[in-house]
Amino acid sequence: MRTTFEIFKRELKSYFESPVAYVFLTVYLALMGFLTFFYWKFYEQGQADLRPFFILFPWVYLLLVPAVSMRLWSEERRSQTIEILLTLPVTLGQAVVGKFLAAWAFLGLALALTFPVVITTAALGDPDNGTVIGGYLACFLLVGTYLSVGNVMSAMTRNQVISFVLAVVACLSLVLLGFYPFTDLLVKWAPGWFVDAVSSFGVMRYFDSMVRGVLDIRDIGYHVSVIAVMLTATHVILNNKKSA
């Protein structure tokens, strides 16, 4: 555990030693501000409802999270620093978890920096606290899920661009599996049990539930399960490439 924490600290520190982190945060906050106040038309809504604000995140994260995850292992493999990392008194599993948690913490910080929207809403009305808490928890878990998927894609290739594209496609697939236009299309030719089975793998079912302020252990369990499976897959891929 201590070794994992040391890797976590080293990786998190590395984000802020480069101007890339500050550029990312600036672009992220500017994009969320534009979508909230101009696309969503925050002031024209006339109600203190943050659910439409949170619904933006699954789509914004489709591009921003893979942009962070693409360098996690692709860069290590391209520059061959992964060999140096693994010669240290650290296991591959500790490295995988430590790097993942550092990236998740960085993206969690970016999410926390959107809190002025909540303050603005509270000043103008009376937002539902359950929606606010559930929405931020949903977004934080969604970040972890997207990031774990991107982790696998980054481990598969040395090319960061390919890693980015694969992560976007994989995360988009998770969104579409539970997205109502897609499920409505399935209903026309597939039985109900099949549609339910397919949508159960999609992220939107669990995300929407938490955004409504309903905290169900099954929603949290979905994200934790996906993250655990993807981190295990990352470990297996890297271990096989190390042995090859």
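Buried means under 20% relative accessible area, exposed over 50%, and partly exposed in between, with a 1.4 Å probe and protein chains only. Keep those cut-offs at hand for the whole tour.

This is a predicted model: local features need pLDDT of at least 70, side-chain atom pairs count only at pLDDT 80 or more, and totals for chains, interfaces and linings use all residues. Residues are numbered from 1 along each chain as its sequence is written, and side-chain values use heavy atoms, with hydrogens and water left out.

**Whole chain**

Start with the cartoon. The protein chain has 15 helices and zero strands. Both are DSSP runs, numbered from the N terminus: helices are H or I of at least four residues, strands are E of at least two. Of the 244 residues, 44% are buried. Switch to the surface. The chain exposes about 12,400 Å², and carbon and sulfur atoms supply 68% of that; accessible areas come from the Shrake-Rupley method with a 1.4 Å probe, and for residues only the protein chains shown count as cover. Now consider contacts, meaning heavy atoms within 4.5 Å. Among those with a separation of 6 or more, 79% join residues 24 or more positions apart.

**Stop 1: T131**

Select T131, in helix α10 (residues 129-156). T131 is buried, with a relative accessible area of 7%. Show its surroundings. Beyond four places in sequence, T131 touches R51, F54, V211, R212 and G213.

**Stop 2: helix α14**

Two of those names lead onward. V211 is one of the buried residues of α14, with M204, Y206, F207, S209 and M210. The helix spans residues 204-211 and is mostly covered: six of its eight residues are buried. Then click G213, which follows α14 and has a positive phi, near 95 degrees.

**Stop 3: the core**

Which residues touch the most other members of the largest nonpolar core? Select F24, Y28, F53, F57 and Y61; the core holds 65 residues. Helix α10 gives the most to this core, with twelve residues. A nonpolar core is a set of buried Ala, Val, Leu, Ile, Met, Phe, Trp, Tyr and Cys residues joined through side-chain atoms within 4.5 Å.

Center on Y61. Leaving aside neighbours within four places, Y61 is in contact with Y28, P66, L111, C139, L142, V143 and Y146. C139 is buried, at 0% relative accessibility. Jump to C171: also buried, with a relative accessible area of 0%. How many disulfides are there? The count is zero, taking a disulfide as a pair of cysteine sulfur atoms within 2.5 Å.

Next, T114, in the loop between α8 (92-112) and α9 (116-124). T114 is buried at 4% relative accessible area. Its contacts beyond four places are Y28, L29, F53, F57 and Y136.

**Stop 4: helix α2**

Select L31, in helix α2 (residues 19-39). L31 is partly exposed, at 32% relative accessible area.

V27 is partly exposed, at 45%. Draw a line from V27 to L64: 37 residues apart along the chain, their C-alpha atoms are separated by 9.5 Å.

**Stop 5: H235**

Go to H235, in helix α15 (residues 217-243). H235 is partly exposed, with a relative accessible area of 31%. Beyond four places, H235 is in contact with L92, G93 and V96. H235 and V97 are 138 residues apart in sequence but 9.3 Å apart C-alpha to C-alpha.

**Stop 6: salt bridges**

Finish with charges. The whole structure has five salt bridges, each a side-chain nitrogen of Lys or Arg within 4 Å of a carboxyl oxygen of Asp or Glu.

- K9 and E6: the closest N and O atoms are 3.6 Å apart. They are separated by about one helical turn because they sit three residues apart in helix α1 (residues 2-16). K9 is partly exposed at 37%, and E6 is partly exposed at 38%.
- R10 and E11: 2.5 Å, N to O. R10 is partly exposed at 42%, whereas E11 is buried at 5%.
- E17 and K13: 3.9 Å between the closest N and O atoms. E17 is exposed at 57%, and K13 is exposed at 54%.
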